[in-house]
Amino acid sequence: MRKNRPWHRAKNLISMSKRFVELAFSDLANQLAFPVKSVTGSALTRWQSKRSTPIVRGVLEKVDVKPDSRLLEIGYGRGNGIGEALKRVSTGSGVVFGIERSPYMEEVTRKRFILEEREQGKLVLDRCFDLRHLAYPSEFFDVVFHVDLFYFIKQESMLDVCRELHRVMKPEAVIACGMQISSLDKLEKWGLLTRSQTDPMRYLHNLEPAGFEQVKMEYLPSPAGEIQVISARKPAADASHSDPDQRMAELERDIKREMLRQTLVQTGKTPTKEDLELLKE
């Protein structure tokens, strides 16, 4: 029996090593979706930020950002996209909005752009845990963009998220999504993402049903290699937008919807069937 002890010890060490590797990769996958303040979170988000910078620039070059534009970035991470957007509105009255669900990323970005947010009024950062319910008025943004985001939206929520983005965009506003498939392939090999998460068709197929037009996916060159940009446009306003009675009715619904959202967040109560119907309007 004594002769077998080294073998048993080796098996235990191998088992422990495998468990350690599994835990490490599980932590990385969680940090990729929801970074928290830690050594792993800092290292991974810095790497992700560096990797995504040329993608962000490619996305913003494809949309018509004017100095007076009102932009929204979803999932801004360490703020590289925020910085690029601020450059494009620096000479006008434009404002950049950003939403993020990670308190750690919010803290990092607020510190980075404290002047633009507190003194210049060029930046507004909000926290959002559910993209199906955004705390913005209808027809508010000229441009909506995001990079490396849709992989973390559940498929059953994707259409509702696209509809909500459509709601907060002005007529003829543009939405753009950036990615780099070659980098995503590496993340899949490492087990941090799955093919079903990164399939761009998950996102593309929901844009037209949500009300967008001119939906397309383009392959663009960049200093970091080929990137992919999905873009779509909200249709121009129809004649009903000039009807003051209808516009007032829509505004009233928006106000009721926003008051309901705030009440649900503050009280934590479960929404009724009528509440859910109002939120989906």
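With which residue does the side chain of arginine 110 meet in a salt bridge, and what is the N to O distance?

Analyst: The partner of arginine 110 is glutamate 117, and the N to O distance in this salt bridge is 2.1 Å; the term requires a side-chain nitrogen of Lys or Arg within 4 Å of a carboxyl oxygen of Asp or Glu. The model is predicted, so that local features need pLDDT of at least 70 and side-chain atom pairs count only at pLDDT 80 or more, whereas totals for chains, interfaces and linings use all residues. Residues are numbered from 1 along each chain as its sequence is written, and side-chain values use heavy atoms, with hydrogens and water left out.

Another of them joins aspartate 148 to arginine 51, with the closest N and O atoms 2.3 Å apart. Here the link spans distant parts of the chain, since aspartate 148 lies in the loop between β4 and α6 (155–168), arginine 51 lies in helix α2, and 97 residues separate them. Both aspartate 148 and arginine 51 are buried. Arginine 51 is also one of the residues touched by glutamine 180, together with Ile55, Ala224, Gly225, Glu226, Ile227 and Gln228, when residues up to four places away in sequence are not counted; contact here means heavy atoms within 4.5 Å. Glutamine 180 sits in the loop between β5 and α7 (181–189), and, at 4% relative accessibility, this residue counts as buried.

Lysine 87 is exposed, with a relative accessible area of 55%, whereas glutamate 84 is buried, with a relative accessible area of 9%. Both take part in a network of salt bridges that links Arg57, Glu84, Lys87 and Arg88. Helix α3 (residues 80–89) is mostly covered, as eight of its ten residues are buried, among them Asn80, Ile82, Leu86 and Val89.

The setting for these pairs is a protein chain with eleven helices and seven strands, the helices (H or I, at least four residues) and strands (E, at least two) being DSSP runs numbered from the N terminus. Seven strands form an open sheet of mixed pairing in the order β3-β2-β1-β4-β5-β7-β6, where two strands pair if DSSP finds at least two bridges between them. The edge strands, β3 (123–127) and β6 (213–220), each pair on one side only. Neighbouring strands of this sheet are turned by 15 degrees against each other on average, direction ignored; axes are lines fitted to C-alpha atoms, for helices over the stretch in contact, and angles run from 0 to 180 degrees between N-to-C directions.

Within the sheet, β4 (residues 141–147) and β5 (residues 169–179) pair in the parallel sense over six bridges. Phenylalanine 141 has methionine 169 of β5 as its bridge partner, and valine 143 stands opposite valine 174 in β5. Helix α2 (residues 39–62) packs on the sheet, touching β1 (70–74), β4, β5, β6 and β7 (227–233), and its direction makes about 155 degrees with that of β4. Helix α4 (residues 103–112) packs on the sheet as well, touching β2 (95–100) and β3, with its direction at about 165 degrees to that of β3. Strand β5 is mostly covered, with eight of its eleven residues buried.

For the chain as a whole, 44% of the 281 residues count as buried. Residues 24 or more positions apart account for 75% of the contacts with a separation of 6 or more.

Notes. Buried < 20%, exposed > 50% of the residue type's maximum accessible area, 1.4 Å probe, protein only.
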